[in-house]
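Keep the sequence and the 3D view side by side. Then read through the fold one packing unit at a time.

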Amino acid sequence: MSTALIPPATSAADWDRYYAANGGPRLISEYELRWFRGQVRPRSSWRAIDLGCGIGSWTAQLHRLGMQVTGYDYSQAAIDRALRRGANSVYAQRIDFRVWDIVADPVPDDLRPGTVDLITCRASLAYLDPATLLDKVAPLLTPGGVFYALIPLNTSPSPDPYYRGMALQDIVRLGRGRWTERSRYRLGDTHRALVLRDYTA
């Protein structure tokens with residue numbers, strides 16, 4: 001089948017249908033977790049937000065590291081599933097999920113500049129206009145705060161409308177000039193991880 005016949009999923013309604021049909025979580029490998037802990041050096045005292053959280057698998061992982069965390073997604077169906085999963089978690093008092101169209105809507109009032117220690121965007125950055133997103137959310141970070149993204153590589157057209165990656169040269173350019181530290185790492189053949197630390201306006 002020609003990939004041109006399969007339009008990419010771009011709207012909240014697309015993703016609502018996906019999650020309502022029991023769209024699965026993006027798997028988290030032990031290798032990624034070890035790498036994340038080693039490079040990001042997260043602390044249990046941190047406040048974190050997880051952008052494009054889907055049904056909250058990565059958000060829950062941040063919980064397991066002890067953080068107070070809120071997951072955001074523009075799919076109501078995804079948030080509904082995440083809330084049901086979170087209600088059964090032993091970390092339920094430290095987890096929250098909310099609907100937010102991160103690209104189109106303003107930053108929520110309770111996310112004030114300089115109050116977030118960690119922003120993550122796992123396998124979602126390619127859907128969110130990366131440069132604009134960084135300019136929008138980076139001021140939320142505390143001094144020395146960290147932005148972490150896991151990014152699929154766009155090496156060839158995908159027949160899956162719910163899989164979108166980025167070209168390596170676009171990943172390389174992300175965050176130039178605004179961050180004290182920038183690191184990129186290879187996580188297998190199909191993904192890159194990006195860590196940006198200490199945003200400067």
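What follows covers a helix pair, a sheet and an aromatic pair.

This is a predicted model, in which local features need pLDDT of at least 70, side-chain atom pairs count only at pLDDT 80 or more, and totals for chains, interfaces and linings use all residues. Residues are numbered from 1 along each chain as its sequence is written, and side-chain values use heavy atoms, with hydrogens and water left out.

Start with helix H2 (residues 30-40) and helix H3 (residues 57-64). Helices (H or I, at least four residues) and strands (E, at least two) are DSSP runs, numbered from the N terminus. The axes of H2 and H3 lie 13 Å apart, at an angle of about 50°. Axes are lines fitted to C-alpha atoms, for helices over the stretch in contact, and angles run from 0 to 180 degrees between N-to-C directions. That angle makes H2 oblique to H3; under 35 degrees counts as roughly parallel, over 145 as roughly antiparallel, 65 to 115 as roughly perpendicular and the rest as oblique. On the H2 side, Glu-32, Leu-33 and Phe-36 meet Trp-58, Gln-61 and Leu-62 of H3 (contact means heavy atoms within 4.5 Å).

Now turn to the sheet. It is open, has seven strands with mixed pairing, and runs S3-S2-S1-S4-S5-S7-S6. Two strands pair if DSSP finds at least two bridges between them. Strands S3 (95-99) and S6 (179-187) each have a single partner strand, so one side of each lacks a neighbour in the sheet. From one strand to the next, the twist averages 15°. S6 pairs with strand S7 (residues 191-199) in the antiparallel sense, over eight bridges. Arg-184 has Leu-194 in S7 as its bridge partner.

Last, the aromatic rings. Rings of Phe, Tyr and Trp (its six-membered ring) pair if their centres lie within 6.5 Å; planes under 30 degrees apart count as stacked, over 60 as edge-to-face and the rest as tilted. This rule gives 11 aromatic pairs. Trp-35 and Tyr-148 have ring centres 5.9 Å apart and planes at 40°, so the pair is tilted. Trp-35 sits in helix H2 and Tyr-148 in strand S5, 113 residues apart.
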